[in-house]
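Trainee: Could you walk me through reading this model?
Mentor: Gladly, let's take it one feature at a time.

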Amino acid sequence: MEYLATVTILIAIYVILAASYNLVIGYGGLATVAHPIFFAIGAYVSGLLAIHVGMPPILSVALGAVAAMVASVLLAASSLRVSGDYLLIASLGFQLGLLQLIRNLELTGGPGGLSNIPSTITGAARTPAFLAITIGLAAVSVLGIRAIVRGPYGRAITAMRDEELAFTALGRNAMSMKIVIFAIGCGVAGMAGGVYAYYFQYVSPEQFEVLQSAQILTMVVLGGMATAYGPVVGAVLLLAIPQAITFLNLPQNIMAPLQGIIFTVLVLLFLFLRPTGIMGASESKPRARATEAA
Amino acid sequence: MYDPVILAQIFWTGVATSAPHVLMTLGFALTLKVTGLWNFAQAGFMAIAFYTMFFALNGLDLPIFIAVLLAIGTTVVASLATEVYGLQVLRERQSGNLTFFIFTLILSQFIMYVITLIFGTEPQTLFKSILSPVQIIGGVAVSDWDLLGVGLMVMGMVALWLFMAFTKEGQFLTAVSDNAKLAELYGISARRSYRVTAVIASLFIVASMYLVGSHGGVVPNSPLELILGAVLGTLLGGIGRVFAAAAASIFLALIQSFSILVLASRWQNLLLYGFLFVAIVVFPRGVRLPKFRFALAGR
Amino acid sequence: MTQVLRTVDLNKRFGGIVVSDNINITIDRGEILGLIGPNGAGKTSLFNLISGVLRPDSGSIFLNGQAVDTSPLYKRARMGIARTWQNMLLFRTMTVIENLLIAPREYAGESILRVTFGLGSVRSAERQARERALGILDRMGLAGTAESMVTDLPFGQQKLIGLARTLMNDGPLLLLDEPMAGVEGAAYETMQAVVRQEAALGRAVCVVEHNVSFIRDLCSRAVFMANGKILQDGTVEELIASKALTELYFGV
């Protein structure tokens, strides 16, 4: 039971990560691979505040999210100035460089990471409480992002993705809009990191490798880019399938790459056969056709 | 500490260790120039190249030149297959940059997982011993590996330059990189140029992985880190300037080598990322040296 | 002072190619200025310089007497420099009315804070924008297409949507880049009528166009450009009468 609960909590955290990544990359059209590092910033900042300052969890998770947000604005503002393609390369450097720094600093516990993050909720209530918190946050994130991308703001995001030059020449500030989208997405990832740190009470650099972004990307592509519920479907599928394979009782050195192969094959298949993902509109609808033409 | 012999040694070792990176960067930057694509799938091809050689040498006990030929074969096949059945399809669909990025990244991931499943994650080397004979020239230790590396690097650069400057096929590549649509109007097939580029990049990849694999251990994930060096060189050199990218790779290796005089070794990688950042923020279009231009560098 | 736009010694070159060589033009309120010349003359580049897509190497641009040189593209748009594009650049995955709704100067969806917390004002701003958009479409005889996907419209109507988008604000200056290219029939008539009406309402209009009869019908004055230079500035009749220009452009 405890195992199932842990898996569910992990899924909820990944739903938050996938939904926020989808906001940035799917809706915003901002190619980045730095999502894991913003997850890490949230986790480390919250963890450090919990250990050294003994700050109440809500406040430290919020500060973790703010830290991720500030870092993301720095990254986006400096690289988007050059061009959209540049963000991809800049985010790669940011992800690798910052993780290298985390791996080497005394403060962050070096390669060993941060252990003994205090358990704020103890006893029998701990797991149910975290279940409620993570599922609640996941729901709020998904619905909140859905609200953002609908209505006038969402319309502007779509227009910007369609034709940025015309969008800007109509008086819209595409740059600030991109930075805002990026900051919200990364801030939400930071929040997920904070919750992760409090639940697992341990964070280490290898949990936030750049390859994680391939995994989150897989969830987004599989579920359907730029769809509200695609990331939910993607995250659940991608984390549930490995659990199912676990029952085959294969040794770890076969299991890990096998899971990787399954995921990457799924992404490649979807990319070519159904680019809109599981939750995406089918291609017969006019809107999808219009997107295809783009 | 600043003894000239020591400095000469650092310089030589720096240049020699840059050889695999330079070769890789040549292929990566050429691909970017011609196809306009940051082709991360090349990390996967690098893994294919290395493990083909590794298996041919250690599993099948084949002689080295056959192993290299086999590796060229598998790498070219993988790279062409990716071009024809992947990139070309996406191009015809007029997919966005993001789709290309996802495809190349996930493809190299896929290749690495398959290789992990077959070969495991233990570091492997091509030969039993990675020590190579050393001669002392003027007080500077020069190993056979160093000589091979520098030789391959120089040959690679010269061959690519000759190819681009003096063969029709090479001039087609430049035409396609300038404007693929216009080139097609003049009867140059962009599709063909992309395939030629894939083959050339494969040759550089095999040469590079031979050097890497005969100098230290390789794990399935290593190529992804190696390709970062190529990204960095390409950025510093300026997109579309293939030889400037190669020069930037040498420069970076030298900076890293000389930094041991002032920095603890664990910070050396960080220095690389520091450069990446400076490159991104300060020199978004590459470092331009006003008078010193390579023949193909201008655009 | 009725002068809306004035450029002073605008220079711009790309490598060896001069696209703008000491360009000085003025456009008055209510005037329709024609901009003609062969391909590659620098007409679109001049639009790009005025609207802020390109930065000049030297020179200044004044809108209603105020220098706009330092303002980026989106700010110049808010100051009232509206433009269309040779290849329209419509928002392809959106409907006709959605294309128009992006354009209002005080766009309700500009700020996420406003959308999140200012629900009432957002709704009324949206309603007003929708009314204005429907009014413009009605004027162009396109009211029935409001909810269609913009890519489903015939070419001529798509061109009109490109113009309609710029009419969502009351700016002083309108730059039209080849509005008639590929347009015929009813859309042609509509385009001509709307441009004339907008000028009559007091906008300064500048039109790049190869269709000489369109220029002759609409413009009192025209400028002839070649190789980034203004070769002649005068009435359309004068330009057509000029032998040198006729050889260069109109063909003999």
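Trainee: What percentage of the 252 residues in chain C do buried residues make up?
Mentor: A residue is called buried if 20 or more other C-beta atoms lie within 10 Å of its own, exposed if 12 or fewer, and partly exposed in between, with C-beta atoms placed from the backbone. In chain C, buried residues make up 44% of the 252. Before we go on: this is a predicted model, where local features need pLDDT of at least 70 and side-chain atom pairs count only at pLDDT 80 or more, while totals for chains, interfaces and linings use all residues. Residues are numbered from 1 along each chain as its sequence is written, and chains are lettered from A and ligands numbered from 1 in the order in which they are written.

Trainee: What radius of gyration does chain C have?
Mentor: The radius is taken over C-alpha atoms, and the globule rule is 2.2 Å times the number of residues to the power 0.38. For 252 residues a compact globule would come near 18 Å, and chain C, at 19 Å, agrees with that. Its C-alpha trace spans about 60 × 40 × 35 Å along the principal axes.

Trainee: How many helices and strands does chain C have?
Mentor: Helices (H or I, at least four residues) and strands (E, at least two) are DSSP runs, numbered from the N terminus. Chain C has 10 helices and 11 strands.

Trainee: In what order do the six strands of the open sheet come?
Mentor: Two strands pair if DSSP finds at least two bridges between them. Here the order is S7-S8-S9-S4-S10-S11 in chain C, with mixed pairing. S7(C) (81–83) and S11(C) (229–235) are the edge strands, each pairing on one side only. S4(C) (residues 32–36) and S10(C) (residues 221–226) are parallel, joined over four bridges; Leu35(C) has Val223(C) as its bridge partner in S10(C).

Trainee: Now to chain A: is H9(A) mostly covered or uncovered?
Mentor: Mostly covered, with 12 of its 13 residues buried; among them are Gln212(A), Ile216(A) and Leu222(A). Just after H9(A), Gly224(A) takes a positive phi of about 125 degrees.

Trainee: And how many residues does the contact take from chain A and from chain C?
Mentor: Residues are in contact if their C-beta atoms, placed from the backbone, lie within 7 Å. Chain A gives 26 residues and chain C gives 29. On the chain A side, H6(A) supplies the largest share, eight residues.

How values were computed: Contact = placed C-beta atoms within 7 Å.
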